[in-house]
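Work through the exercises below with the sequence and the coordinates open. Each task is followed by a solution in steps.

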Amino acid sequence: SILALALSPDFAEDETAFCLAADGLYRSTNGARAWRAVTRGLDTDAVQAVAISPAFVEDGTVFVGTEDQGVFRSTDRGASWSPANEGLTNLSVNAIWISPRYESDRTLFAGTAGSGVFRSADGGSTWTQVVADTLDELAVMTLVSDESGKGLVAGLHQSGLFRSADGGQTWEPANEGLAARSMSSLLVSPAFHEDRTL
């Protein structure tokens, strides 16, 4: 029962991948030929989201969101974990998005089940709820962005899509022509700045 996969940005060289399964978090360091549970410091098996730093090769940073214990951070390539929840008032985290420039701006977002989106500008050490009445009390299931990190899109449970053009400060619905309203996953085109495809 596999919920999500995440690959190192340098997967071709380091062969590191993470897998969220129904019974917890696993890591492979040999190109997914073998997996081992990585739970030291992780207080729950109910892991719902995983995001790897774009600078993973240098900083070894990985974040996971959990159903009831908030966000956990690893800075040793997933070998050990510590909670990163200061200011996070909803500990049910469904989605995590890391800025493409995380190495310099230390920015990431967490989508929660019922309290919208939270933002951290210090690598997950502290969080603040995004000021957006439209997202409050909604369950955010997925977060994606273009390469700039300014154009964010949130997929919600039973409420469609919301988008932000200012790095997550303000949000507006983006549902015109969209019949489906429950979003579990979104992808952005690698050429988004040219083709604007989501």
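The model is predicted.

**Exercise 1. Aromatic pair at Phe-18**

Task: State whether Phe-18 and Phe-56 are buried or exposed, then classify the geometry of their pair.

Solution. 
Step 1. Both Phe-18 and Phe-56 are buried.
Step 2. A pair of aromatic rings is described by the distance of the centres and the angle of the planes.
Step 3. For Phe-18 and Phe-56 the centres are 6.4 Å apart and the planes make an angle of 90°. Ring centres must lie within 6.5 Å to pair, and planes over 60 degrees apart count as edge-to-face, so the Phe-18 and Phe-56 pair is edge-to-face.
Step 4. Phe-18 belongs to strand E2 (residues 17–21) and Phe-56 to helix H2 (residues 56–59), so this pair ties together parts that lie 38 residues apart in sequence.
Step 5. The structure holds 3 aromatic pairs, and the Phe-18 and Phe-56 pair is one of them.

**Exercise 2. Aromatic pair at Trp-97**

Task: Classify the pair of Trp-97 and Phe-109, and find which strands it ties together.

Solution. 
Step 1. The centres of the Trp-97 and Phe-109 rings are 5.7 Å apart, with 50° between the planes. Planes under 30 degrees apart count as stacked and those over 60 as edge-to-face, the rest being tilted, so the pair is tilted.
Step 2. Trp-97 is in strand E9 (residues 93–98) and Phe-109 in strand E10 (residues 108–112), so the pair ties together parts 12 residues apart in sequence.
Step 3. Trp-97 and Phe-109 are also bridge partners.
Step 4. Trp-97 has 9% relative accessibility and counts as buried. Phe-109 counts as buried too, at 1%.

**Exercise 3. Strand E10 and its sheet**

Solution. 
Step 1. On the E9 side, 5 bridges join E9 to E10, and the two run antiparallel. Within this pairing, Ala-95 has Gly-111 of E10 as its bridge partner.
Step 2. On the other pairing, E10 and strand E11 (residues 117–120) are antiparallel over 4 bridges. Leu-108 has Ser-120 of E11 as its bridge partner.
Step 3. E10 and E11 form a hairpin with 4 residues between them, and Gly-114 in the turn has a positive phi of about 115°.
Step 4. Leu-108, Ala-110 and Thr-112 point one way from E10, while Phe-109 and Gly-111 point the other way; all are buried.

**Exercise 4. The E13 to E16 sheet**

Solution. 
Step 1. This open sheet has 4 strands in the order E13-E14-E15-E16, paired antiparallel.
Step 2. E13 pairs with strand E14 (residues 152–156) in the antiparallel sense over 5 bridges. In E14, Gly-155 stands opposite Thr-142.

**Exercise 5. A buried loop residue and a surface patch**

Task: Decide whether Ser-53 is buried or exposed, and do likewise for Ile-2.

Solution. 
Step 1. Ser-53 is in the loop between strand E5 (47–52) and H2. Its relative accessible area is 0%, so Ser-53 is buried.
Step 2. Leaving aside neighbours within four places in sequence, Ser-53 is in contact with Pro-9, Asp-59, Thr-61, Ile-98 and Tyr-102.
Step 3. Ile-2 lies in strand E1 (residues 2–7) and is exposed, with a relative accessible area of 57%.
Step 4. Ile-2, Leu-5 and Trp-35 make a nonpolar surface patch of about 320 Å².

Technical notes. Residues numbered from 1 in each chain as written. Predicted model: local features only at pLDDT ≥ 70, side-chain atom pairs only at ≥ 80, totals over all residues. Heavy atoms only, no water. Phe/Tyr/Trp six-rings, centres within 6.5 Å; stacked < 30°, edge-to-face > 60°. Buried < 20%, exposed > 50% of the residue type's maximum accessible area, 1.4 Å probe, protein only. Patch = residues over 30% accessible without salt bridge, like charges linked within 9 Å, V, L, I, M, F, W, Y side chains within 5 Å. Areas by Shrake-Rupley, 256 points an atom, 1.4 Å probe, with all protein chains shown as cover. Salt bridge = Lys/Arg side-chain N within 4 Å of Asp/Glu carboxyl O. Pairing = 2+ DSSP bridges. Contact = heavy atoms within 4.5 Å.
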